[in-house]
Amino acid sequence: MQVSPLNDLVCLRMKPRAIEVAAGIIGVSALSDRIPSNEGEVLAVGPGRRTKRGIVPMSVEVGQCVMVSSPGPSSPIDGVCIDERERLWMVPESAIIGVVG
């Protein structure tokens, strides 16, 4: 799927939610299809936020691993899921709270 975000939007491929059981084994949660983790890889970025003085450039780049805010279990990510099978989300740059690694 070819996606070109506009303004300050970022397209992310969310990582599956992992769980750790009592034995220390890490597996993929059954909820990972419905509720993604809060980490993802940046696939595409928009040009930046528009202001009266021009465009404010984006602070993330394609290929970076980022963490996004998660306001609660009912709305796991402040954004829109554009492909559930591929776990692709379109989020505003303001929803990104940090770069991992």
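**Briefing: an all-strand chain, its core and its salt bridge**

Val91 sits in strand β9, which covers residues 88-92; strands here are DSSP runs of E with at least two residues, helices are runs of H or I with at least four, and both are numbered from the N terminus. This is a predicted model, where local features need pLDDT of at least 70 and side-chain atom pairs count only at pLDDT 80 or more, while totals for chains, interfaces and linings use all residues. Residues are numbered from 1 along each chain as its sequence is written, and side-chain values use heavy atoms, with hydrogens and water left out.

**The overall picture**
- You'll find zero helices and 10 strands in the chain.
- Buried residues account for 33% of its 101 residues (buried is under 20% relative accessible area, exposed is over 50%, and partly exposed is in between, using a 1.4 Å probe and protein chains only).
- Take the contacts (heavy atoms within 4.5 Å) between residues at least 6 apart in sequence: 63% of them join residues at least 24 apart.
- The chain's accessible surface is about 6,500 Å², and carbon and sulfur atoms hold 53% of that; these areas come from the Shrake-Rupley method with a 1.4 Å probe, and for residues only the protein chains shown count as cover.

**The nonpolar core**
- The largest nonpolar core has 12 residues: Val10, Leu12, Met14, Val42, Met58, Val60, Val66, Val68, Trp89, Val91, Ala95 and Ile96 (such a core is a set of buried Ala, Val, Leu, Ile, Met, Phe, Trp, Tyr and Cys residues joined through side-chain atoms within 4.5 Å).
- β1, β7 (65-68) and β9 are the elements that give two or more residues to this core, and β1 gives the most, with three.
- Val91 is buried, at a relative accessible area of 0%.
- Val91 and Cys81 are 10 residues apart in sequence, and their C-alpha atoms are 8.7 Å apart.
- Leaving aside neighbours within four places in sequence, Val10 has contacts that include Val42, Met58, Val60, Trp89, Val91 and Ile96.

**The salt bridge**
- A search of the whole structure turns up one salt bridge (a side-chain nitrogen of Lys or Arg within 4 Å of a carboxyl oxygen of Asp or Glu).
- Glu39 pairs with Lys15 in a salt bridge, with the closest N and O atoms 3.7 Å apart.
- That pair links distant parts of the chain, 24 residues apart: Glu39 is in strand β4 (residues 39-45), and Lys15 is in the loop between β1 (9-14) and β2 (18-20).
- Glu39 is partly exposed at 25% relative accessibility, and Lys15 is partly exposed at 36%.
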